[in-house]
Amino acid sequence: MLNLIEKEIKYISQNKKILIATIFLPLVLISIIYFLHSEGQPDKTSSVNLGIIDNDKSLISGMLIGYFEDSDLVGSYFSIVVGNASDINNSFLTGEIDVCIEIPKDFASKMQFLEHEPIKVKINSANPLNTIIVSNILKSYEKYIASAEIGIIALRDLMIEYGFSEREVNKSNINISISLILTALARDEFFEYVEMSHITSVSLDVYYMYSIFILIIFYVSLYVGINVLNEKRNNTFDRLIVSGNNAVKIIISKVLVYLIYIYMFVLIAYWGISKLMGIKFGFNTAAFYFICILVSVCTAVLMGGIFKTQEGILLGGNVLCFIMAIIGGSIIPVEYLPDEIIGFTKLMPNFWFTKILLSIHNNMIDRLYFNGIIVCVLVSGVCIAYSCRMCYKKK
């Protein structure tokens, strides 16, 4: 066994291409993560300045403004400014106000009789995030009132059909309209808000750091598969078998050497990036990277036993990396993937590796961590067993 390990170490030390590639690996990783970290820092989100112009001066418009001023839900995101048209519009043009809402004259009275006099809303699009959030909030109210308006019209037509007087119809319409307004302004009371503090959440640069690490580890491990294929094709395995070695020892020695070799450079890169980004260099993260590399190396060894050409290994590895990058959430975070793809995402190993690493990052080690280690060890054992069978099956 020691002779086999010495053979692999000697091969690596004499192969300048491997040495150069692995020496530059930490530098490449640190450079990529540094770029993502420096370019991907999110701006601090401040409250949105909301300017309101009340040209109606009615009870209902006052209720609308009062809701915006008194609601804790609205106040947590909006900073309310009420003023005249001239001041609010000038502040909007100078960028001091992000959103301008103008309530037209006779808005309340016309709305009670289903006459459309819309509230005018202007949104500063300089901040796309604020634009999307404010637009969705206002559209949600618009959809609610529009659906309720259909019911009011249906009730009005029904009352007229059954012979109610115009006075009775108008009185019912006013009561329902006011009830509609009160309900719309109290929409946040429809829900019970519960603060969730245990959900795994990290910044994008941290997310990409872990996901890119996993992809690069798998891609670098493909070389081990190429090494297995070359030794199989030039009958090195046969000569080792004749020398008294068995298949299991040969494969395990190869896995051990390349596992430690790749792990050493990954640790150097991770240590440098953790210092750069202010991330804790923890034992659990380092241990799980060891498991990730173990699975990657064993998978690559299995590919070396299955494929018959170097091009086949590279093609299979590139296709697998591409699928993991797209579907597994390495390029587009899982939260932004379409629902139709999420089911396939959970089949990707890099999805689970990244999920576990993010849990460790947030000090939320649970059963998933230990189950992941057990599954990885079992998968590695299966890959080694099949590799021995594929490399040494009788022709």
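This is a predicted model: local features need pLDDT of at least 70, side-chain atom pairs count only at pLDDT 80 or more; totals for chains, interfaces and linings use all residues.
Me: Over which residues does pLDDT stay under 50, and how many contacts beyond four places in sequence does the model have for them?
Reply: That's residues 188–199, with 7 such contacts. pLDDT is the predictor's confidence in each residue, from 0 to 100, and a contact means heavy atoms within 4.5 Å.

Me: Where in the protein chain is confidence lowest, and where is it highest?
Reply: Helix α4 (residues 72–75) is lowest, at a mean of 63, and α12 is highest, at 88. Helices here are DSSP runs of H or I, at least four residues long, numbered from the N terminus. Over the protein chain, the mean pLDDT is 76, and 74% of residues reach 70 or more.

Me: What makes a group of residues a nonpolar core?
Reply: They're buried Ala, Val, Leu, Ile, Met, Phe, Trp, Tyr and Cys residues, joined through side-chain atoms within 4.5 Å. The largest one here has 70 residues, and Phe213 and Phe288 are among those with the most contacts inside it. Helix α9 gives the most to this core, 17 residues. As for Phe288, it touches Phe353, Ile356 and Tyr369, among others.

Me: Why is Tyr336 called exposed?
Reply: Its relative accessibility is 61%, and exposed means over 50%, buried under 20%, partly exposed in between (1.4 Å probe, protein chains only). So Tyr336 counts as exposed. You'll find Tyr336 in the loop between α13 and α14.

Me: Which residues make the nonpolar surface patch?
Reply: Tyr336 is one of them, along with others including Leu315 and Phe322, and the patch is about 870 Å². Patch residues have over 30% relative accessible area and no salt bridge, with nonpolar side chains joined within 5 Å and like charges within 9 Å. Helix α13 gives the most to the patch, with 5 residues.

Me: How do you know that Glu231 forms a salt bridge with Lys254?
Reply: Their closest N and O atoms are 3.1 Å apart. The rule asks for a side-chain nitrogen of Lys or Arg within 4 Å of a carboxyl oxygen of Asp or Glu, so this pair qualifies. By this rule the count is 1 salt bridge. Both partners are buried.

Conventions:
Residues are numbered from 1 along each chain as its sequence is written. Side-chain values use heavy atoms; hydrogens and water are left out. Helices (H or I, at least four residues) and strands (E, at least two) are DSSP runs, numbered from the N terminus. Accessible areas come from the Shrake-Rupley method with a 1.4 Å probe; for residues, only the protein chains shown count as cover.
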